[in-house]
Amino acid sequence: MDWLDLLREIGFSPLSYAHVVIAYLPNKDKNGKEFDVEPWETAALKLQGRLFRGATSYPSRGSYRRSDETGAISDAGAMIEQTRMIVSFVAEPDFTEEAIKEIGGFLRRLKRETRQDAVALVVDGEMYYL
Amino acid sequence: MARLSKEKIGTLLRAKHREPVKTPLYYAPPFLDELRKGLQERLASRGGRPTVSEWEVVRKTRYSKKTWQWLAQLAEQWSQGGVSVSPSQVAARIVEAVHRAGVR
């Protein structure tokens, strides 16, 4: 039984939002060089706000093993970053193929323009590496 | 419209790889931050301990030691830089949020 089953078991019913989407925005490139992540954070807030009716960002520190988009570890070191988490709680009608594609496009642009090995998005407890 | 499968979401994102994130605590920090913020904004004092005006019913409730310790720890964190919050107020805020979220 996973935790979602457990919540259902103890009486939780579906919420007014059906999905949780979290984008992770790093502030360092694949070589560990810092860049200004704030414009990307603002853009992500605007995008997720438009697509999903709302988004909240959280500053956080993270440590990450370097790995590429296939999950392969590229070296043994860990990188410490000031990650921004952009969280949206999404109602079913807003969770569309077009919205997912648009988020994917944004994250691939972030990956390319800020020189990342990989970028990550969590949707409903599944981590997707792009 | 049919719900999107994980596989379909991966295809739409053009993700190269995906893996499950099992722990519910993944979502907990933002959730608790929101509760803390909401409580701090609503607490007001009329001379006594600050309280939320629509919380009119007072009841004694038993907790396990473990749960109370967790509530006390949260209350200490939530009191930093704002109005002092009690463990019971933390509990009331969590129950209120769960109720509003749609628990039957």
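α3(A) and α1(B) lie oblique to each other. The cut-offs run as follows: angles under 35 degrees are roughly parallel, over 145 roughly antiparallel, 65 to 115 roughly perpendicular, and the rest oblique. Here the angle is about 50°, and the axes are 8 Å apart. Axes are lines fitted to C-alpha atoms, for helices over the stretch in contact, and angles between N-to-C directions run from 0 to 180 degrees. The crossing of α3(A) and α1(B) is right-handed.

Ala, Val, Leu, Ile, Met, Phe, Trp, Tyr, Cys and Pro count as nonpolar, Asp, Glu, Lys and Arg as charged, and the others, Gly among them, as polar.

**Model and confidence**

This is a predicted model: local features need pLDDT of at least 70, side-chain atom pairs count only at pLDDT 80 or more, and totals for chains, interfaces and linings use all residues. Residues are numbered from 1 along each chain as its sequence is written, while chains are lettered from A and ligands numbered from 1 in the order in which they are written.

The predictor gives the complex an ipTM of 0.75 and a pTM of 0.59. Chain B has an average pLDDT of 82, and 85% of its residues score at least 70. pLDDT is the predictor's confidence in each residue, from 0 to 100. Among the elements of chain B, helix α1 (residues 6-13) has the highest mean pLDDT, 94. Helix α2 (residues 28-42) of chain B has the lowest, 74.

**The two chains**

Chain A holds three helices and five strands. Their order from the N terminus is α-β-α-β-β-α-β-β. Chain B holds four helices and one strand, in the order α-β-α-α-α. Helices (H or I, at least four residues) and strands (E, at least two) are DSSP runs, numbered from the N terminus.

Of the 130 residues in chain A, 27% are buried. In chain B, 13% of the 104 residues are buried. A residue is buried if 20 or more other C-beta atoms lie within 10 Å of its own, exposed if 12 or fewer, and partly exposed in between. Among contacts in chain A between residues at least 6 apart in sequence, 63% join residues at least 24 apart. For chain B, that share of contacts between residues at least 6 apart is 38%.

**The helix pair inside chain A**

How do α2 and α3 of chain A pack, and at what angle? Helix α2 (residues 38-52) and helix α3 (residues 97-113) meet at about 175°, with their axes 10 Å apart. That makes α2(A) roughly antiparallel to α3(A). From α2(A), A:W40, A:A44, A:L47, A:L51 and A:F52 take part. A:A99, A:E102, A:F106 and A:L110 face them from α3(A). The classes in the contact of α2(A) with α3(A) are eight nonpolar, no polar and one charged residues.

A:F106 sits in helix α3 of chain A. Is A:F106 buried or partly exposed? A:F106 is partly exposed, because 19 other C-beta atoms lie within 10 Å. Not counting residues up to four places away in sequence, A:F106 touches A:A44 and A:L47.

**Two loop residues in chain A**

A:G54 is in the loop between α2 and β2 (56-67) of chain A. With 16 other C-beta atoms within 10 Å, A:G54 is partly exposed. Beyond its neighbours within four places in sequence, A:G54 contacts A:G49 and A:S88.

A:E34 is in the loop between β1 (19-25) and α2 of chain A. A:E34 is exposed, because it has 11 other C-beta atoms within 10 Å. Neighbours within four places aside, A:E34 contacts A:N27 and A:K28.

The table pairs these three residues with partners elsewhere in the sequence.

| Pair | Apart in sequence | C-alpha to C-alpha |
|---|---|---|
| A:G54 and A:F89 | 35 residues | 7.4 Å |
| A:F106 and A:W40 | 66 residues | 9.5 Å |
| A:E34 and A:T114 | 80 residues | 9.6 Å |

How values were computed:
Contact = placed C-beta atoms within 7 Å. Left-handed = near helix turned anticlockwise from the far one by under 90°.
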